[in-house]
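Please look over the structure shown here before reading on. The briefing is meant for a reader who has not seen it before.

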Amino acid sequence: MQEIVSTLHPLERKLLPFLKNNIGFQELQELSKMQEVEVMRALQWMENKNILKIKTDSKIIINLGEFGKKYQKEKLPERRLLEQLKENKLILSEINIPKEELNIAIGELKKKAAINLGKEVEITEQGKKLLTKEFLEEKLIKTLPKELKDLTDEEKLAYENLKKRKDIILTEEIKTRTITLTELGKKLTKEKLDLDLIETLTPKIIQDKSWENKQFRKYDIKTTVPRTYCGKRQPYMQFLNKIKFKLVQLGFKEMSGPLIETEFFNFDVLFQPQDHPARTWTDTYHLKNPTLGKLPDDLVVNRVKHAHENGGRTGSTGWGYKWNPEIAKQLMPRAHTTAVSARRMVKGIEVPSKYFCIAKCYRPDVLDATHLIEFNQMEGIVTDPSISFATLLGMLKHFAIEIAGAEEVKFFPDYYPFTEPSVQISAKHPQLGWIELGGAGIFRPEITQTLGIDTPVMAWGFGIDRLAMFKLGIKDIRYLFSQDLKWLREARMN
Amino acid sequence: MPTIDISLKDLSKLVGKEITLENFEPEALLWIKGEIDGIDGDNLKIDCKESNRPDLWSTEGIARAVSPFYTKERGIRKYKVEDSDVYLHVDRSVDKIRPYISAAIIEDITITDDLIKQLIQIQEKVTTTFGRKRKAAAIGIYDFDKMTPPITYKAFKPTELKFIPLGFTKEMTLKDILIHHPKGQEFAHLLTDFDKYPIVIDNKDIVASMPPVINSESTGKVTEKTKNLFIEVTGINLDDTQVALNIVVCALADRGGKIKTVLVDYGEKHLRTPDFTPKRIKVKFTEIEKITGMKFSLKELKDLLEKQQYEVKKAKDCLEVEYPSYRQDIMHPVDVIEDILISYGYNKVTPILANLATTGELSPIEEFCEEIRELIPGFGAQELLNFTLTNKEILFKKMNLKEENCVEIANPVSNKWTNLRNAIIPSLMDFLEHNTSQEYPQQVYEVGDIVIINDRAETKTDTRKHLAWALADKEANFTKAKQIITYILTGLNIDFQIEEESNDSFITGRCARIIANKKVLGYFGEIHPKVLQNFSIEFPICALELDITELFILKK
């Protein structure tokens, strides 16, 4: 018993002396002079502690509305009309009843066959009888308020009738709560509660050492507490960070470039002919504002122009068309990370070197569960005199194991406009099975030699979204850029 | 790139060996860089990834390329070609419009259902991708028995000539065909810049076609009764027309047609087409070894190349090889070297792990962003990653701001994604609007990219890193935002001043800008209730926006 007493919250303590069997909520509130919400909380806690039970009943009470109250004093409009017709037939304009009540009065009396309606309104025999008899509606109005279940059959008829009229009747559901004490509760109400327990430990209590002779109130440690959310990182960002650090460990330097690019870096440097279908509006975004950027220095531009037109000094035939610098100046949101590699190579690269980027790209797709309009690509370039197809495969296999946790890899011939030879890599993931991991190749000499790079440059790109979706346990790719706060708050890495 | 429909039965017939999914998909399919995109019984959809090999975009082309995998066929396939006495006169009037035409005659062909399907497929795929939507190459195929040579290729005025376009019943002027015929409407833009339109017409003045738009009803219809075909390809570059013509002619010859040439008369010069003279390229042995990373004997190389339909002509200092006339993807020796590797098999190559002495590092600005990103959750904020694509409604109208010059997409897929953001607070507001049913307080932040217009920049824009933070809570106020700004900036040892800022997104007198070294670093304050109402948010919000790129420069 003392055990329970020591866990009681001050509100429970305050309410306990007023508790008795079958006491109503209202009464309890009045007696204790506590606020409604305080009484409710204290009762619920005590119910959890099996001190009492809260019984909720609901009653339907029929009461008078605004007009109902008026008619309780003034008589119903149909009564007033009937009385005016007692002596004379009247035409409508002679009747002394406000317009808004007149129609109802006529309607009601017609229903009761008390009047005839011609040019004039005339009382019937039935009507005359009713002059001395109370209407059911009048009877009911006198007796209200009343509980719905207590109505007689006649009253019910009158109730249904009056309910249809404006603001005469008000039907209310009233909930009443009554408290029943359990055996424990009954004992508890007899208990002495004036134990001097410490509620909140304050600096003052510590300073004056008043805690030394007192007990602390025990908390109900199992009670649920309001949820709190701490600040944390976005799950997809965390995933990308992990991959970034892995790449840095593997000796890669991060490279970057602008989100808005000239077609020169997005396509021309990469030896994509200017009339190539991949450069059309259906495959890439174009800009309305701003529209044209600037080209780098003439030396680079001229060498790129020659590479396209006749291969320049690269030993290639080129595409055999007239290259147009105005097309190369057009601006667009970057369509692939290879534009970042292109920028890096134009700036010049060390030998040997490894560069990477995980960067945003844009493509005019429809946003749905499997497509994003804005997404991250991961790409790397590696140069060294020793780069060959065999070392390319060696490095890809190594990445597949390090980055994607692959168990086995397979290579397929593929086509990318910028690389020759080109290869697609598939990896066997312990959980996902065989997945297409990405593509790679050795940059065409029309690209590297044009930029004055004499060593072969291998380029690779991995699709990281699918891996991210697996790690984050999501089926809808849009969750990588989630607008769902609940999901972000609760998301965990797999 | 293009997706090709083929039937395995048809493919087997053309190769002369039983081909099933089991003996096709694992290896032979890789030779053509194909991937199966759909299977419907015997019919396959093949995704041909190589966008520079129009010769592979038909069952006949695929059959020819994989034939050495199943049979003893090696090297370049030889076709028997006879010369005809048919002339094709090219009038100088087409010079500025569509100057080149190459043509051929196919005799004694049995037109089957499969063939008609493939002819339609070749025409469509070759002219769409390789032909740049008919601009660079358009193919016309006619019932030759309905034509009377010599044939003339000549330009006419839009109302000077009438003919019945394919699928129609009435004669129409050239002009009307471009206006009313569906194909006319689709391809009119290729002609309407000119005052005359090119026409292929026979000696009896019967129109065969108006390239690159439409054939005539009278000769341009091929049915199962057709025996002999006339084929022409028009374009703006002679090579392209010849490559496309050879692709069609080889496909028909593979199905038993007899090839006859046509003499194309350009006035000062004459050309006999089709011309099957193989093309030639030199590849250095050292280059093969360097790129593949492997040593091959000459015999091995010869064998690998012949399987890929090359023929080795000389092998002294370098390898001199010939390849079929219809291939136009070989621009550089590396293209041949890739074919050697495909012939060898990618998965037979032993991967070598090269050990390169390089040191890795993050880009300094990214590293700095990461430091900031790690700092903010300590205040209880949830990190977000929002799209940089947004719209003017969110950036300006709902933020109660006047429209500013910002990056705008010319071809947006939806009016939700029309602009690149120039600040991050609007992204946070949009996010908070989506989450009004979630528990408050809601505290969020993002460090990410924004793009502003800069006329002096190479790309007329600057991509910058910003931090934005927002707190939606009944107790959100100016003080909370200022505490965070102060914590970040003093932590970075930045000397800064706060000045009053007038910004219509914020409550007047409760918005400040942050100044350091005479540069504006950002702004913060209490969001105006009008803005809250625009985003349907019923909690006070305090927010800040900080230019991390500027801060980074300052820090350096």
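What follows is a short briefing, grouped by topic.

This is a predicted model, in which local features need pLDDT of at least 70 and side-chain atom pairs count only at pLDDT 80 or more, while totals for chains, interfaces and linings use all residues. Residues are numbered from 1 along each chain as its sequence is written, and chains are lettered from A and ligands numbered from 1 in the order in which they are written.

**Chain B as a whole**

- Chain B holds 17 helices and 28 strands, where helices (H or I, at least four residues) and strands (E, at least two) are DSSP runs numbered from the N terminus.
- Because its radius of gyration is 33 Å, well over the 24 Å that the globule rule gives for 556 residues, chain B is more spread out than a compact globule; the radius is taken over C-alpha atoms, and the rule is 2.2 Å times the number of residues to the power 0.38.
- The C-alpha trace of chain B spans about 95 × 65 × 50 Å along its principal axes.
- Of the 556 residues in chain B, 45% are buried, a term that requires 20 or more other C-beta atoms within 10 Å of the residue's own, with C-beta atoms placed from the backbone (exposed means 12 or fewer, partly exposed in between).
- Among contacts in chain B with a separation of 6 or more, 70% join residues 24 or more positions apart, a contact being two residues whose C-beta atoms, placed from the backbone, lie within 7 Å.

**A three-stranded sheet in chain B**

- An open sheet has the strand order β16-β18-β17 (chain B) with antiparallel pairing, where two strands pair if DSSP finds at least two bridges between them.
- The edge strands, each pairing on one side only, are β16 (279-284) and β17 (311-315) of chain B.
- The twist from one strand to the next averages 25 degrees; axes are lines fitted to C-alpha atoms, for helices over the stretch in contact, and angles run from 0 to 180 degrees between N-to-C directions.
- Strand β18 (residues 318-323) of chain B is joined to β16(B) by six bridges, and Val321(B) in β18(B) is the bridge partner of Ile281(B).
- Helix α9 (residues 285-292) of chain B lies across β16 and β18 of chain B at about 70 degrees to β16(B), whereas helix α10 (residues 298-307) of chain B lies across β17 and β18 of chain B at about 150 degrees to β17(B).

**Strand β7 of chain B**

- β7(B) pairs in the parallel sense with strand β4 (residues 81-90) of chain B over three bridges, with Val90(B) opposite Tyr153(B).
- β7(B) also pairs in the antiparallel sense with strand β10 (residues 197-201) of chain B over five bridges, with Lys154(B) opposite Ile199(B).

**Where chains A and B meet**

- The contact takes 76 residues from chain B and 82 residues from chain A.
- On the side of chain B that touches chain A, the largest share, seven residues, comes from α11(B).
- Strand β11 (residues 287-289) of chain A pairs with β21(B) in the antiparallel sense over two bridges, and Asn289(A) stands opposite Glu408(B).
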